[in-house]
Amino acid sequence: MTDLAQRVPTVLGVQIRSRAGRRLLRHRGALFGGSLVAFFVVMALAAPLFATHDPMATDWAAVRKAPSWAHVMGTDEIGRDVYSRFVWGARTSLMAGVVSVVFALAVGVPFGVLAGYVGGWTDVVISRCTEALLSCPFLILAIAFAAFLGPSLTNAMIAIGLSAAPIFVRLARGQTLSVKAEDYVDGARAVGLTHPRIVLRYIVPNIFPPLLVQATLTIATAIIAEASLSFLGLGQQPPDPSWGSMLSIAKNFMTHAPWMSIWPGVGIFLVVFGFNLFGDGLRDALDPRGD
Amino acid sequence: MLTYFLRRLVGIVPTVVLVSMFVFALQQMLPGDPALAMAGEERDPESIAYIREKYRLNEPIWVQYGYWIAGVLQGDLGISLRTNIPVTELIAQKLPVTIQLAVMAIVIALLIGIPMGALSAIKRGTPLDWIANVTALSGLSIPNFWLGILLILLVSVHLGWLPASGYESPFVDPAQNLRTMIMPAFVLGTALAATMMRHTRSAMLEVLTSDYVRTARAKGVRERLVIFRHAFRNALIPVVTIGTLQFGELLAGAVLTEQVFTIPGFGKQIVDAVFNRDYAVVQGVVLFSSLAFILLNLLADMAYFVLNPRIRV
């Protein structure tokens with residue numbers, strides 16, 4: 001009985017996952033989005049190789065120079081190479097997106113699973129708190145957290161993570177409620193498995209796919225949120241490069257150095273577009289109705 | 001119907017109480033002594049003692065919350081530490097500007113999003129559908145502050161058609177008001193238009209494959225009538241709800257748009273307050289926008305209840 005209870009969902013899970021994998025590989029949008037994301041991930045990881053100049057090095061003889069062979073994306077208000085800052089900025093943006101979502105998952109999923117699995121007053125309390133947090137617009141909440149924690153990239157990531165956590169609490173709770181009602185969970189309970197083992201072995205693996213889709217889409221939101229906080233001066237602090245802070249400076253030189261405003265925005269747009277496309281494709285691939 | 005509304009109204013009470021607790025708790029996140037953080041540059045013992053006294057920082061936290069919430073219930077959100085103006089008054093001054101911006105943005109979003117979504121559903125699988133979908137996804141992926149910068153570069157700097165920044169009250173000069181607000185409203189409405197488009201498309205697709213539309217077609221009703229009288233009207237129900245819910249998001253989006261276009265609204269107020277370390281204003285704005293969001297949520301629920309007879313059964 002124990003064997004059967006363990007094997008059935010696993011076998012089903014493997015079948016579903018491999019079918020979803022095949023559907024994902026056939027999804028042109030997901031492939032294109034995934035490639036965009038992969039390109040920026042490689043650029044971020046290998047930033048020292050991609051960058052042509054030191055992103056912090058100033059050159060007073062080359063202040064606000066238009067794009068040329070020496071500086072393909074031009075230079076900024078203190079002569080720094082925009083391309084090199086763009087490359088290093090990718091690292092900040094992607095790191096902020098991924099770290100804040102991992103933080104949101106780490107905070108949100110345990111509470112969501114707890115609420116859904118235990119039920120009763122635990123569920124009421126957690127759900128009410130989640131509702132309260134969800135009733136504050138995401139960006140205003142992130143600004144408030146960043147304001148009270150102090151302006152820095154780390155605090156911006158905590159602020160974004162805390163603001164995104166309620167989304168995962170709600171999703172994990174809903175998914176846990178539906179998985180909890182499955183026969184194999186009843187089976188596991190009947191053979192005497194402990195609650196922590198049931199949660200870790202049967203609940204968490206089975207609520208993972210929708211969480212993965214949501215996480216992918218939330219990374220896109222988090223990247224825009226980090227850029228927004230940095231644009232407002234609440235995220236990455238100068239002189240370290242980030243796409244948001246580059247745009248914040250660029251807006252003061254729109255007439256004299258418009259190139260400063262173009263590339264960081266293109267970077268944010270492409271990477272967020274990539275994550276959104278990939279997330280949409282992943283959702284389609286994991287949707288059992290796709291069969 | 002009345003019972004449903006009353007039940008929903010009672011249901012939001014715990015949420016409102018928790019939101020107030022949470023907003024109050026924000027102050028506890030200040031690193032170190034909150035009185036020192038609030039005092040900012042003016043760190044003379046007198047100012048610090050005044051702040052400690054004013055916010056009852058020597059009292060236990062639940063006592064501090066008790067005093068604070070008692071004030072909030074009487075419409076007192078505190079006094080700005082920098083300007084000495086009551087926070088409620090500051091919000092009341094700035095809010096109409098943001099509401100005008102949000103209303104204009106929602107109108108633009110509706111004008112773009114709904115026809116695009118409906119057309120995309122009707123022409124499903126065609127290049128038009130593909131273009132509409134890519135445009136919508138691009139609208140969701142573009143940071144609105146960057147779109148604002150690009151539009152300023154193009155429309156204001158190169159073409160010189162509209163002012164790049166500034167604000168004029170509609171009661172003083174309506175034409176100038178429109179000239180200063182149309183570009184920010186477009187920027188703010190872009191993401192919402194994309195959301196509207198996606199929801200209209202999926203709602204239309206669902207309705208177009210429903211039994212009653214099939215029956216209408218089988219009866220020989222003209223396709224134009226099927227689309228407009230049967231499908232479109234029903235597909236609009238979820239879109240109305242989403243539009244109401246998104247209004248709260250527009251308040252948040254306005255933070256960046258107002259910053260780019262230097263519009264003296266509610267969004268710019270929170271940013272200025274953050275940099276002035278005017279924490280009472282930050283708390284007031286967060287509390288106010290959360291309450292507005294809860295209220296809009298309730299209105300969306302009610303609109304859905306009134307528009308959709310099926311959930312009344």
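How many helices and strands are there in chain B? In this predicted model, chain B holds 12 helices and 0 strands. Read along the sequence, its pattern is therefore simple to write down, as α-α-α-α-α-α-α-α-α-α-α-α. The C-alpha trace of chain B spans about 85 × 55 × 35 Å along its principal axes. Of the 313 residues in chain B, 39% are buried. Where contacts in chain B link residues at least 6 apart in sequence, 71% of them join residues at least 24 apart.

Chain A can be described in the same terms. It contains 11 helices and 0 strands, and from the N terminus on its elements run α-α-α-α-α-α-α-α-α-α-α. Its C-alpha trace covers about 75 × 45 × 25 Å along the principal axes of the chain. Buried residues account for 52% of the 291 residues in chain A. Among contacts in chain A between residues at least 6 apart in sequence, 72% bring together residues at least 24 apart.

Next comes the place where the two chains meet. The contact draws 37 residues from chain A and 40 residues from chain B. On the chain A side, helix 5 (120-134), helix 6 (138-149), helix 9 (195-232) and helix 11 (259-286) each supply at least two of the residues that touch chain B. Sorted by class, this side of chain A comprises 27 nonpolar, 7 polar and 3 charged residues.

Two packed helices are described by the angle between their axes and the distance between the axes. Helix 11 of chain A packs with helix 6 (residues 127-141) of chain B at an angle of about 120 degrees, and their axes lie 9 Å apart. Angles from 65 to 115 degrees count as roughly perpendicular and those over 145 as roughly antiparallel, so helix 11 of chain A and helix 6 of chain B are oblique to each other. The crossing of helix 11 of chain A past helix 6 of chain B is right-handed. From helix 11 of chain A, the residues making this contact are A:Phe269, A:Val272, A:Phe273, A:Asn276 and A:Leu277. Helix 6 of chain B contributes B:Leu137, B:Ser138, B:Leu140 and B:Ser141. Taken by class, the residues of this helix pair's contact divide into 6 nonpolar and 3 polar, with no charged residue.

Key
Residues numbered from 1 in each chain as written. Chains lettered and ligands numbered in written order. Predicted model: local features only at pLDDT ≥ 70, side-chain atom pairs only at ≥ 80, totals over all residues. Helix = DSSP H or I, 4+ residues; strand = E, 2+ residues; numbered from the N terminus. Buried ≥ 20, exposed ≤ 12 C-beta atoms within 10 Å, placed from the backbone. Contact = placed C-beta atoms within 7 Å. Nonpolar A, V, L, I, M, F, W, Y, C, P; charged D, E, K, R; others polar. Axes fitted to C-alpha atoms, helices over the stretch in contact; angles between N-to-C directions. Parallel < 35°, antiparallel > 145°, perpendicular 65-115°, else oblique. Left-handed = near helix turned anticlockwise from the far one by under 90°.
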